[in-house]
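Please read it alongside the sequence and the model.

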Amino acid sequence: MLNPSDRKYSKKHEWCRVEGEIAVVGITDFAQHTLTDIVFVELPEVGKQAEAGKQLCVVESVKSVSDVFSPVGGEVVEVNKELEQNPGKLNESPFETWIAKIKMSNPQEIDSLISAEEYGEFVKGLE
Amino acid sequence: MRFVPHSEKEKSEMLKEAGVASIGELFKDVPEKVRVKDKLKIGEPLSELELRREIEGLAAKNRSAKQLSLFLGAGCYNHFIPATVPAITGRSEFYTAYTPYQAEISQGMLQAIYEWQSWVCILTGMDLANASVYDGATACAEAMLMAGSARHRKKALVSKGLNPEYLKVLRTYAGANSVELKEIAIEELEKDLDEDVSCLIVQQPDFFGRVEDLKGIAGKLHEKKALLVVAIAEALSLAFCEKPSEYNADIVALEAQSFGNAMSFGGPHAGVIACKQDFVRQIPGRLVGKTQDIEGKEGFILTLQAREQHIRREKAGSNICSNQALCVLASTIYLSTLGEKGLKEIAGQNRENAKYLSEKLEGLGFELPFGDSFFNEFVAKKQGMREMHAALSEKEIVFGYPLELEFSEMRDCVLLAVTEMNSREEIDALVSELEELL
């Protein structure tokens, strides 16, 4: 699956799309593919202070449990409640399925993330 | 397990295979100075007959509940065990199996555990229950951690009515997990209930036998997003008191000994944790689920294992995997034998017998400092308790648990448990002994 170029990526396999002062965060196709069938997403609490590079939430698949790291710092203002009922959405359409929206406390952090092209190269190196 | 000794021939073959000349050489990594060179000072070897005489002689010094007139509970209760329990638990398929979880070969055990979990849900009103943990105290401590991880908070409040042994286990767990544990009186909950509190742990009936009025407690806790954890040390009380779901408990930690397990000088017993569906990801231990195989036939499996340490690793909320499958098998058979009607009948007998003794004691001038709201255990107070207790012991009557052993301010108070095992004649005999003493 192509990594959309309307957003930035982290080397920990999260994507981050900026909408004004809000960063919309999800996991990449590579991440969902590596995790295999996702059965549960432990969503962050709204109001949580996320820190760039620190744990944002936890996703559970049939074979492993992994942290999702926050690509930027700020307050979690909304979480995708749909994932409570239907966590498999992350497998079906990872780039259309967001996990959390973060009101950025330091928008410059976006600059330290990589582009779709760079991320594509990075993932190629892992395969 | 059978005892199969190795022959000299086998020993020398094994040594040859291992490439060493003697058994002693296998221990060469043990430093010389710590090795035992002299004979152990434990006397000469005994023949099997001599050994039996010796050990049985020692065992005969024990006084068992069957020989005594027992009015002692305090967390471990003397109840009747129907013959169905040992008849089924004694089957070698159940009795000798270790970690019997492989779905392919352990359908019987998995089904039994599933039935056990279902019984716990029926009795507590909770949505799910785990296979079991070591005992009630462990269940209680694990429930405390569970609440902490569900709420991401580090403070837990515990009612002063908790069994002091449970409290000690909580303290051990709290220390190792940086949980700040605070003992409070339930009436003063508001004083300590803040945004850092994950839960309040309350025993029901409490250690002193009181059936607490917990209506409204959960509401106060939930307002602050804290949870109500209920510890139950006397499982049979569930057939007498309100279900924890009726006062909106979130997590129940239950000691199951009363259901079909002998007191056995304190263990092995079994604990179990039950909770609302909301906390299914935080509940520790094994969970057995019912499912269908590819041919559509009913089957039982371990489920939701991503919670457990072998998958979740350091992120697991608990490292407990052990459960007490045989003890809860006994409980399952016990409950299935009695059914709802039988269970209620026995609970009713417990209450009646306890009430009968409490009234007799009041007639003899004892005080009941906590009144009448008890199930099968209550506190009685009278001057000269220490002497009374000792004098009755001489007559093979265990007159409850002297509370000053644990609570210095409760001098002259005794915690008495009365169950279906205490006949009217036995209670009357106790009363006439007391009449003589007073």
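Apart from its neighbours within four places in sequence, Ala129(B) is in contact (heavy atoms within 4.5 Å) with Gln117(B), Val120(B), Cys121(B), Val272(B), Ile273(B), Ala274(B), Ile283(B) and Leu287(B). This is a predicted model, in which local features need pLDDT of at least 70 and side-chain atom pairs count only at pLDDT 80 or more, while totals for chains, interfaces and linings use all residues. Residues are numbered from 1 along each chain as its sequence is written, chains are lettered from A and ligands numbered from 1 in the order in which they are written, and side-chain values use heavy atoms, with hydrogens and water left out.

Ala129(B) belongs to strand β2 (residues 128-129) of chain B, where helices (H or I, at least four residues) and strands (E, at least two) are DSSP runs numbered from the N terminus. With a relative accessible area of 3%, Ala129(B) is buried; buried means under 20% relative accessible area, exposed over 50% and partly exposed in between, with a 1.4 Å probe and protein chains only. Ser118(B) is 11 residues from Ala129(B) in sequence, and their C-alpha atoms are 7.4 Å apart.

## A helix with two sides

In helix α4 (residues 116-126) of chain A, the buried residues include Ala116(A), Tyr119(A) and Val123(A). They lie on the same side of α4(A) because they cover an arc of only 60° around the axis, the arc being that of the directions from the helix axis to the C-beta atoms. The cover over the buried residues of α4(A) includes β1 (8-9) and α1 (29-35) of chain A, whereas Glu117(A), Glu121(A), Lys124(A) and Gly125(A) are exposed on the other side.

## A sheet in chain B

Strands β11-β14-β13 of chain B, in that order, form an open sheet of three strands with antiparallel pairing, two strands being paired if DSSP finds at least two bridges between them. The edge strands, each pairing on one side only, are β11 (377-381) and β13 (401-402) of chain B. β11(B) pairs with β14 (residues 413-417) of chain B over five bridges, and Ala380(B) has Val414(B) as its bridge partner in β14(B).

Domain bounds come from an automatic or database domain assignment.

| Domain of chain B | Residues |
|---|---|
| Domain 1 of chain B | residues 69-80 + 340-437 |
| Domain 2 of chain B | residues 84-333 |

The centres of these two domains, taken over C-alpha atoms, are separated by 28 Å.
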